[in-house]
Amino acid sequence: MNINLYKICAILLIWGNAVTFSYAQKALQLKVETKNSLLVFTVGNNGKLYQSYLGQPLIHPDDQALLQAAKHEAYIGAGMGDLFEPAIRMVHADGNPSLDLIYAGHQTDKSDGTVTLTSITLKDPKYPVTVILHFAAYYKENVIKTWTEIKHQEKKAVMLSNYASSMLHFEASKYWLSQFDGDYMTEMRMKETQLTSGIKILDSKLGTRAHMYRAPAFFLSLNKPAEENTGELLAGTLAWSGNFQCSFEIDQQNSLRMINGMNPYASEYKLMPGKTFETPAFIFTYTNQGKGQASRNLHRWARKYNIPDGDQPRLTLLNNWEATHMDFNQEVLVDLFDGAKKLGVDLFLLDDGWFGNKYPRDADKTALGDWQVDQKKLPGGIGHLVKEAGNRGLKFGIWLEPEMVSPKSELYEQHPEWVLKLPNREESLSRNQLVLDLVNPKVQDFVFNTVNDLITQNPGIAFVKWDCNRMLTNTFSPFLKADQGNLFIDYTRSLYAVMERLRKKHPHLPIMLCAGGGGRVDYGGLKYFTEFWPSDNTDGLERVFIQWGYLNFFPSLTVSSHVTSMGKQSLKFRTDVAMMGKMGYDIRVNSMTPAEIQFSKAAVENYNRISKVIWFGDLYRLVSPYEENRAVLMYVDDAKDKAVLFNYLLNFRRKEFMGKVLLSGLDPEKKYQLKEINLLPDSPSTHPDNGKTFSGDYLMKVGLNLAPGKISPLSSSVFELNVQ
Ligand code: GLA
């Protein structure tokens with residue numbers, strides 16, 4: 001419709017001035033549309049592209065024409081008239097540091113039926129530079145994925161010093177930003193602040209393990225602080241495992257300019273003629289129904305479009321890291337397999353410490369890079385372990401940290417030129433290790449072959465944990481020579497190139513993304529990884545908050561949550577906490593009492609029965625641990641026939657009053673029976689509503705008392721709801 005309008009207006013334009021006015025009124029408009037959101041761009045009289053709207057869909061199509069080409073240029077080039085943060089800055093081959101972007105055409109591709117791709121081309125009238133803004137609109141999921149391509153045909157290279165994935169503008173009375181940050185062991189702490197005039201930046205300069213201090217994910221709430229079930233907000237996240245920058249700038253007229261992309265810090269990028277610079281995708285969902293709806297939109301989108309096998313079951317497992325660290329041998333491991341069998345999990349995951357011969361990996365000072373089985377510890381090799389696991393009905397998985405190298409390793413001795421390190425400076429170690437120069441194609445081949453050979457030569461390997469335990473410091477790529485500005489960006493692109501090759505050969509292999517815990521979690525990585533390790537902190541109380549944080553943006557089947565011995569809470573509490581995500585174990589089964597084993601075995605059986613609801617259902621957060629001394633959440637399956645309710649009482653003082661909890665997401669017309677599960681052996685439920693049947697309407701309007709009778713801190717309950 002817009003194109004026709006544009007043509008008609010253009011024809012009318014020939015007839016004279018009066019019609020010029022009409023042309024201005026009915027300028028070309030492009031819309032990016034999902035079921036519950038609308039983004040409109042208008043081409044101004046000056047040929048520039050403006051963002052004229054982002055909000056709820058307009059019900060009267062004519063109203064859209066009223067949206068003017070306002071003041072907000074869609075993707076602003078530096079060096080021209082605008083004096084705030086630019087989306088792009090380019091220094092041309094002749095040294096001119098400006099970019100003027102004019103609308104030059106667009107394409108809409110609906111071939112997929114459910115995803116509409118709108119690509120808008122902008123060109124500089126004086127320089128042979130093209131910028132294409134891509135918007136993929138996922139109609140049903142209400143998610144928009146946007147990214148940018150930059151290319152040129154100048155005689156020599158240009159330098160890019162800003163290259164946003166996305167620029168969006170807002171005009172609200174107030175803006176509130178919820179960010180998620182922390183450190184090793186304290187990941188994903190939510191903080192909300194009101195934005196004020198000037199720039200607020202969320203960023204990372206850590207290179208690898210880039211998200212250790214801060215996740216590239218946020219809620220931007222318009223007019224008032226973010227709420228769970230109401231209010232206009234945008235949930236956004238950058239699909240990029242390297243340095244990122246999310247900037248929020250309020251100008252003198254209280255407009256907010258939001259720019260998301262790779263961090264330009266130390267990354268002036270040299271772009272050769274004819275090459276395309278493609279930014280990572282910024283993924284966002286706009287809603288007027290609060291954070292809860294935003295999370296559900298992202299979860300549904302991610303399972304369907306981003307995560308490998310997002311609609312397939314995951315494997316429960318027993319990991320040996322917290323149980324043994326690197327201190328094990330073949331017999332110890334085979335004993336641990338027996339423990340995994342007792343629990344009834346699907347897989348045994350062998351962690352760090354299985355490799356290295358000249359320099360065995362007995363501590364974290366050696367052997368990264370020497371990915372050969374330690375003959376002394378494991379004389380039978382991986383094959384023997386796979387076989388022994390198989391004899392017990394278990395699959396077998398293995399830990400790797402392929403991007404890294406220990407100074408004490410054969411790899412380092414053979415290829416000192418493969419290592420990132422500054423000339424004329426001392427090597428900068430972190431966890432006693434260095435990072436490989438992944439930008440070098442030979443290193444990419446080495447990493448690919450390491451992983452590929454291990455998997456193909458040991459066909460029983462059914463799971464990989466891919467770790468990355470340090471950030472980049474004092475960094476220099478011997479391969480890039482004079483173009484060090486490309487390093488941070490090309491490192492992450494190279495990682496993706498290796499993963500792309502691996503995924504082609506092993507499309508369904510489950511691979512866990514780990515970087516000293518949650519040091520690397522984003523939808524760029526999660527195109528290749530099936531789950532992630534949120535934190536090395538597995539204390540049950542801490543995990544309630546950490547998992548709560550990640551679940552805002554990532555679906556539960558990706559959030560690996562293991563029962564361990566860390567933390568002072570009961571085994572039941574720690575088990576109930578692990579169950580809210582993708583459950584596993586990292587515990588010494590040998591040291592558990594028969595009652596604990598019996599409880600855990602039953603818990604795994606329960607999990608096997610309800611995990612489909614947890615993995616593929618909709619998440620409803622009912623009580624936030626940031627607002628009360630408890631956390632309550634539930635998952636509801638698509639048909640609204642089954643639900644699982646998790647209730648965690650945290651640290652509270654004597655006689656703390658806890659109100660009834662209203663459930664969510666159920667069918668008001670259906671009747672559900674409430675059944676408490678994960679009970680200790682010989683301890684029947686004492687909950688007064690256990691076994692009773694309620695309508696969905698009652699549960700959502702009257703609610704349940706989830707803290708009845710005498711309650712104790714750090715206790716928990718889990719309920720299954722089944723339609724009758
Ligand atoms: C990191 C991971 C742990 C474990 C160790 C092994 O810390 O987060 O789970 O794999 O490395 O060295």
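E628 is partly exposed, with a relative accessible area of 34% (buried means under 20%, exposed over 50%, and partly exposed in between, using a 1.4 Å probe and protein chains only). This is a predicted model, where local features need pLDDT of at least 70 and side-chain atom pairs count only at pLDDT 80 or more, while totals for chains, interfaces and linings use all residues. Residues are numbered from 1 along each chain as its sequence is written, and side-chain values use heavy atoms, with hydrogens and water left out.

**View A. E628 pairs up with R630.** The two form a salt bridge, with the closest N and O atoms 2.8 Å apart (a salt bridge is a side-chain nitrogen of Lys or Arg within 4 Å of a carboxyl oxygen of Asp or Glu). R630 is buried, at a relative accessible area of 1%.

**View B. Domain 1 meets domain 2.** Domain 1 covers 3-305 and domain 2 covers 317-616; such bounds come from an automatic or database domain assignment. The contact takes in 45 residues of domain 1 and 46 residues of domain 2 (contact means heavy atoms within 4.5 Å). About 3600 Å² is buried between the two domains, and carbon and sulfur atoms give 60% of that (buried area is the accessible area, with a 1.4 Å probe, that two parts lose on being put together, summed over both). Two salt bridges cross this interface. E542 and R189 also make a salt bridge, their closest N and O atoms being 3.8 Å apart.

**View C. E403 grips R520.** How far apart are the N and O of this salt bridge? They sit at 2.7 Å. E403 lies in the loop between β22 (395-400) and β23 (404-405), and R520 in the loop between β26 (511-513) and β27 (531-532), so the pair ties together parts that are 117 residues apart in sequence (helices, H or I with at least four residues, and strands, E with at least two, are DSSP runs numbered from the N terminus). Both partners are buried: E403 has a relative accessible area of 1%, and R520 has 2%.

**View D. R431 reaches D364.** Here the salt bridge spans 3.6 Å from N to O. Both residues are partly exposed, R431 at 28% relative accessible area and D364 at 22%.

View E. By the salt-bridge rule, the count comes to 36.
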